[in-house]
Amino acid sequence: MLLDLDDEELRHNLLRQGLLYPKTNAEGHELFDANGNRQIPTEERERMVEQLEKKFSEIFDILRIDRNDPNSTDTPFRLAKMWVNELFDGRFSEAPRITVFPNRKEVDELVISKGIKVMSVCSHHWQAISGDCAIGYVPNDKVIGLSKLTRVVEWFSRRGQIQEELGEQIADYLTELLDPLAVGVVIKSKHYCMIARGVEANEQAEMVTSVMRGELATNQALRNEFLKLITERS
Ligand SMILES: [Zn+2]
């Protein structure tokens, strides 16, 4: 069958069906979404860093950056390590270990953690997303140590993300873990793809997304209480 890839509609259809790009890389490893996760052993990650360093060196050549310039000599290596072990770490590392506790006192009010750091990378431009996140939930049978929420946000943030999906992934994960009566995730952040380039938005420009599940989706008073508590200054 001959395909006319100038046909935008056809191209979009193929994209949607996952037919346009390969499903595995040259070494046969499965390719997965930028904000997905597959645990990859340390040795394989080290190999990724080696391969990536070579490719970044080629990029320097294309951009005509002389690597004899002492400021650029080791930059391909630094970039390779940074992408594999820091900025995309959540793609390759196992989920944080989280202990849940029985809700012995039958707490049935909102439990909130706010000011959780969000440092991520946008999938569209690979620029920083920097901001914070507030999470609230109404326990059912289980509660979680609040510091653990920071780990969960970190794990999902250290991937190529779009903010809308980051909030949904965090909410899905907590729903699975705690089966709460309500869960809410509000993220407020700056997107450097909008600040450093493109529309060159004001540095104060922020994107706010919210995910409300369970009683937070249906009970207006509870939702208002949550929103009030996360915006109040401490
Ligand atoms: Zn972007």
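The lining of the largest pocket draws at least two residues from each of α1 (8-16), α2 (42-62), α3 (75-87) and α4 (89-92). Helices here are DSSP runs of H or I with at least four residues, and strands are runs of E with at least two, numbered from the N terminus. The structure is a predicted model, in which local features need pLDDT of at least 70 and side-chain atom pairs count only at pLDDT 80 or more, whereas totals for chains, interfaces and linings use all residues. Residues are numbered from 1 along each chain as its sequence is written, and side-chain values use heavy atoms, with hydrogens and water left out.

The volume of the largest pocket is about 1200 Å³. A pocket is an open set of points on a 1 Å grid over the protein atoms alone, where a 1.4 Å probe fits, with protein on both sides within 12 Å along at least five of seven lines; lining residues have an atom within 4 Å of a point. A volume is the space filled by probe spheres set on the points, which are joined across faces, edges and corners. Of the 34 lining residues, Asn25, Glu30, Leu31, Phe32 and Arg91 lie nearest the centre of the largest pocket. The largest contribution to this lining, eight residues, comes from α2. By class, the lining comprises 19 nonpolar, five polar and 10 charged residues, where Ala, Val, Leu, Ile, Met, Phe, Trp, Tyr, Cys and Pro count as nonpolar, Asp, Glu, Lys and Arg as charged, and the others, Gly among them, as polar.

Helix α2 itself has 21 residues and reaches 30 Å from its first C-alpha to its last, close to the 30 Å expected at 1.5 Å a residue; the expected span is 1.5 Å times one less than the number of residues. Its buried residues are Arg45, Val49, Phe56, Ser57 and Phe60. They lie on the same side of α2 because they cover an arc of only 130 degrees around the axis, the arc being that of the directions from the helix axis to the C-beta atoms. Glu43, Lys54 and Ile62 are exposed on the other side of α2. Buried denotes under 20% relative accessible area, exposed over 50%, and partly exposed the range in between (1.4 Å probe, protein chains only).

The second largest pocket holds about 370 Å³ of space. Its lining consists of 14 residues, of which Lys114, Asp132, Lys188, Ile230 and Thr231 lie nearest its centre. Two or more lining residues come from each of β2 (111-122), β3 (128-138), β6 (182-191) and α9 (220-231). This lining has six nonpolar, three polar and five charged residues. Helix α9 also contains Leu222, which is buried at 12% relative accessibility. The C-alpha atoms of Leu222 and Val138 are separated by 9.9 Å, although the two residues are 84 apart along the chain.

A zinc ion has Cys122 (SG), His125 (ND1) and Cys193 (SG) as its protein donors, at 2.2 to 2.3 Å. Donors are N, O and S atoms within 2.8 Å of the metal (3.2 Å for Na, K and Ca); water is not among the atoms, so sites may look incomplete. The donor spacing along the chain is C-x2-H-x67-C. Cys122 is buried, with a relative accessible area of 5%, whereas His125 is partly exposed at 35%.

Most residues other than glycine have a negative phi. Trp126, in the loop between β2 and β3, has a positive phi near 55 degrees and is partly exposed at 45% relative accessible area. Asp179, in the loop between α6 (163-178) and β6, likewise has a positive phi, near 45 degrees.
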